[in-house]
Amino acid sequence: MAAILNELLITPSILSADFGRLDADIATVMDAGARLVHVDVMDGHFVPNITIGPPVVKAIAPAVHERGGALDVHLMIEHPERYIEAFVDAGSDAITVHQEACVHLHRTLAQIREAGALAGVALNPATPLETLSEARAYVDLVLIMSVDPGFGGQRFIATSLDKLRRARAYLPDVVGIEVDGGVSAANAAELAAAGANLLVAGNSVYGAPDAGDAFRELTAAIGG
Ligand code: DX5
Ligand code: ZN
């Protein structure tokens, strides 16, 4: 399972899907070839928005797992350590916590792995890469936010491109690099060339007239 985090993939974010028909919207992108589905969990504290919790992850997990896919769960919440087991029990395959939300990051990453999921850490746009000088030795994934977290459909922050380049040089090869926010067919190739291998795409997939076609177009943009 760890290997999937090192593949070059477009990772659709269901944040921009129709929450009234999540199973169908997930089936659309998976039938178009998606293998990793990104789930944005927001608590109204760490970020202004509120989205979903473990019951919804549990409800959508079969649609992903039955098709051979994996769930990439991005926790934009305070005290994520309180909810790790619930999200793993609900079917999360990888769980990413924010560096800014974890006082005891080593402990929280270990907790994710002990619960049976792959462990990721996310950095807000203004958080330096160098805050991971120690954690880079014990993470499976680093998520570089290329918008301020909280909402889909925001504009890509241009300095994120250089941050991705520096991240690829700074992190061990086994650590996957995910970019999240403002990814589109226009910048996907550049992001992959900069070192991102997991490209989260919300609005550019589910905001398109046909999410399957949009997924295929993004995948083609990165040579898939
Ligand atoms: C933003 C979320 C993203 C979001 C990206 O806080 O973490 O995963 O879904 O959406 P787009 O691709 O629309 O910028
Ligand atoms: Zn996200």
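Student: Which residues coordinate the zinc ion (ligand 2)?

Tutor: In this predicted model, the zinc ion (ligand 2) is held by His 38 through NE2, Asp 40 through OD, His 74 through ND1 and Asp 180 through OD, at 2.0 to 2.3 Å. Along the sequence, these donor residues follow the spacing H-x1-D-x33-H-x105-D.

Student: What is the geometry of the site of the zinc ion (ligand 2)?

Tutor: The site is octahedral, with six donor atoms and angles of 70 to 168 degrees among them.

Student: Is His 38 buried or exposed?

Tutor: A residue counts as buried when its relative accessible area is under 20%. His 38 is buried because its relative accessibility is 0%. Asp 40, at 7% relative accessibility, is therefore buried as well.

Student: In what order do the eight strands form the sheet?

Tutor: In general, the strands of a sheet pair through backbone hydrogen bonds, in either a parallel or an antiparallel manner. Here the sheet is open and its pairing parallel, with the order β1-β8-β7-β6-β5-β4-β3-β2. The edges are β1 (9-12) and β2 (36-42); each has a single partner strand, so one side of each lacks a neighbour in the sheet. On average, neighbouring strands of this sheet are turned by 25 degrees against each other, direction ignored.

Student: How many bridges join β6 and β7?

Tutor: Strands β6 (residues 141-145) and β7 (residues 176-180) are paired in parallel over five bridges. Met 145 stands opposite Asp 180 in β7, and Asp 180 is also one of the residues that coordinate the zinc ion (ligand 2).

Student: Where does helix α2 lie?

Tutor: Helix α2 (residues 54-65) lies across β2 and β3 (70-76), and runs at about 150 degrees to β3.

Notes. Residues are numbered from 1 along each chain as its sequence is written. Chains are lettered from A and ligands numbered from 1 in the order in which they are written. This is a predicted model: local features need pLDDT of at least 70, side-chain atom pairs count only at pLDDT 80 or more; totals for chains, interfaces and linings use all residues. Side-chain values use heavy atoms; hydrogens and water are left out. Donors are N, O and S atoms within 2.8 Å of the metal (3.2 Å for Na, K and Ca); water is not among the atoms, so sites may look incomplete. Four donors count as tetrahedral if all angles lie between 85 and 135 degrees; four count as square planar and six as octahedral if opposite donors are over 155 degrees apart and all others between 65 and 115; anything else is irregular. Buried means under 20% relative accessible area, exposed over 50%, partly exposed in between (1.4 Å probe, protein chains only). Two strands pair if DSSP finds at least two bridges between them. Helices (H or I, at least four residues) and strands (E, at least two) are DSSP runs, numbered from the N terminus. Axes are lines fitted to C-alpha atoms, for helices over the stretch in contact, and angles run from 0 to 180 degrees between N-to-C directions. Contact means heavy atoms within 4.5 Å.
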